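Subject: Structure handover

Hi,

Here is the structure I promised to pass on.

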Amino acid sequence: MSSTIAQHSASTTQIVRPARSFQGSVTVPGDKSISHRYGMLAGLAEGTTKLSNFSTGADPHSTLGCMEALGAKVVKNGTSIEVTGVAGAFQQPTGKLDCGNSGSTMRMLAGLIASHPGTFTMIGDHSLTMRPMERIRKPLSAMGARIDLVDGHAPMTIHGGPLKAIDFETPIPSAQVKTAVLFAGLQAEGTTSLSEAVRTRDHSEHALKAFGATLSRNGEKLSIAGGQKLKAIEATVPGDISSAAFFLCSALLFPDSNLVLDSLGLNPTRAALLDVITALGGKIKVLMVEEHHGETIGTIQVNRAEELKGAEISGALSAQLIDELPVIAAIAPYTRDGVTIRDAKELRVKESDRIALVAKNLKAMGAEFTEFEDGLAIPGGQQLHGAEIDSGSDHRIAMAFAVAALKASSENVIHGAEAAAISFPEFFQFLNELAKR
Ligand code: S3P
């Protein structure tokens, strides 16, 4: 193993047997995206931030590990986390910053630390070392940062120093790139502006405001003035809708299913899945909604109203549903009219090539489909069978095919099932409680 690639956990398998129904009530762990942002901004802020329902996934804990290495103090008590920040001045770490499997950690942290004096080297596991990082170097270099990559990839070394504001248009829809620019802009000289062709998840905008920063939006243009100081907060992280997606899609597979999800994040920039669920034939009742620090949290109940129809997902919708596309694809064969996904080329550069792995596993289960460079067309009316599933060490692939397995004609063996712990360590336990056999 190279010294600049972080270590992997051992591979485990999970056997998933078919179910006859899907019922129950569940609280999914805290949102991964929001946990990253709260963890990072708490690390930079002045004072002690108290977070409850922090994500149990490995990725946001990689972020907390980096915050500690940069001088923040982190105290963990289950899902309650206290972070005492560095009041605007990160320390030079003694070693490399280990981002594990987490693209969010590496990309957003790059923006957060680029203005700090010192040299910061960020490393990750094999998957993270394969992912594109030029998209981060470009805007940060335009702000004056000096960043070394190896052929556009990690390890990423940042030679920190003063930054100047830029006016940036994001060429690819990516909330991580947007966040890196906003975090750098917060600490640059002047006012940084950013426009997105497709509006991506806006957790960074809400989190920055929660920590006391001022941001403005004029149409599609976001602006943030440099030199703003952050103050510690108290917050509860809403449940992760991208984790809930696996259970929402499971509930669609059975005519008599009944699923209640509480304390669930329902931020409109993350909730496009609910529209797809409704279009497919699910019935969603919103039982309660509240707002905390700009984030919508609620309780929803999901039933299946009728025969599952089909869906066509393309354009901006593909970008907004990017993390949910694998599980939508995994249930597609069981719909009546099938599912077509286009404009989702970004799926090829996630924790794995998610288009290729969805195709490989659908094929193993006996499905017919067409693979495109930017998506898949999966006809409906197909009965899948049991198979050996390859997660490719990708959490969302392991979980997506555990869902497909619930409706298969025989049991499936999910190899690399431990990957689920990247975002949702409790997944297989919760799945077994909700799936009625
Ligand atoms: C995330 C943004 C998305 C998403 C990832 C989390 C975030 O990535 O796939 O799981 O928290 O901002 P991109 O920004 O690369 O699209």
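Predicted model: local features only at pLDDT ≥ 70, side-chain atom pairs only at ≥ 80, totals over all residues.

If you want to find the spot, its lining is made up of Asp31, Ile34, His203, Pro238, Gly239, Ile241, Gly265, Leu266, Asn267, Arg270, Glu295 and Thr296.

Next, the domains. Where they touch, 31 residues of domain 1 are in contact with 35 residues of domain 2.

That brings me to the largest pocket. Where does the largest pocket lie relative to domain 1 and domain 2? Both domains give residues to its lining, so the pocket lies between them. The space in the largest pocket is about 480 Å³, and 34 residues line it, with Ala175, Arg201, Ile322, Asp323 and Lys350 the closest to its centre. By class, the lining of the pocket has 15 charged, 11 polar and 8 nonpolar residues. As for the helices, at least two lining residues come from each of helix 1 (32–44), helix 3, helix 6 (175–185) and helix 10 (316–320).

Helix 3 is also worth a look for its packing. Helix 3 (residues 103–113) sits against helix 5 (residues 134–142) at an angle of about 10°, and their axes are 10 Å apart. The two helices are therefore roughly parallel to each other. On the helix 3 side, Arg107, Ala110 and Gly111 make the contact, while helix 5 brings in Arg135, Ile136 and Leu140. Sorted by class, that contact has 3 nonpolar, 2 charged and 1 polar residues.

Two backbone details to finish with. Which residues does the cis peptide bond join? The bond links Ala154 and Pro155, with omega at about 0°, and Pro155 belongs to strand 9 (residues 153–160). The other detail is Asp151, which has a positive phi of about 60° although it is not a glycine. You'll find Asp151 in the loop between strand 8 (146–150) and strand 9.

Over to you!

Cheers

Technical notes
Residues numbered from 1 in each chain as written. Heavy atoms only, no water. Axes fitted to C-alpha atoms, helices over the stretch in contact; angles between N-to-C directions. Helix = DSSP H or I, 4+ residues; strand = E, 2+ residues; numbered from the N terminus. Parallel < 35°, antiparallel > 145°, perpendicular 65-115°, else oblique. Contact = heavy atoms within 4.5 Å. Nonpolar A, V, L, I, M, F, W, Y, C, P; charged D, E, K, R; others polar. 1 Å grid on protein atoms, 1.4 Å probe; cavity = no way out; pocket = protein on both sides within 12 Å on 5 of 7 lines; lining within 4 Å. Points joined across faces, edges and corners; volume = space filled by probe spheres on them. Domains from an automatic or database assignment.
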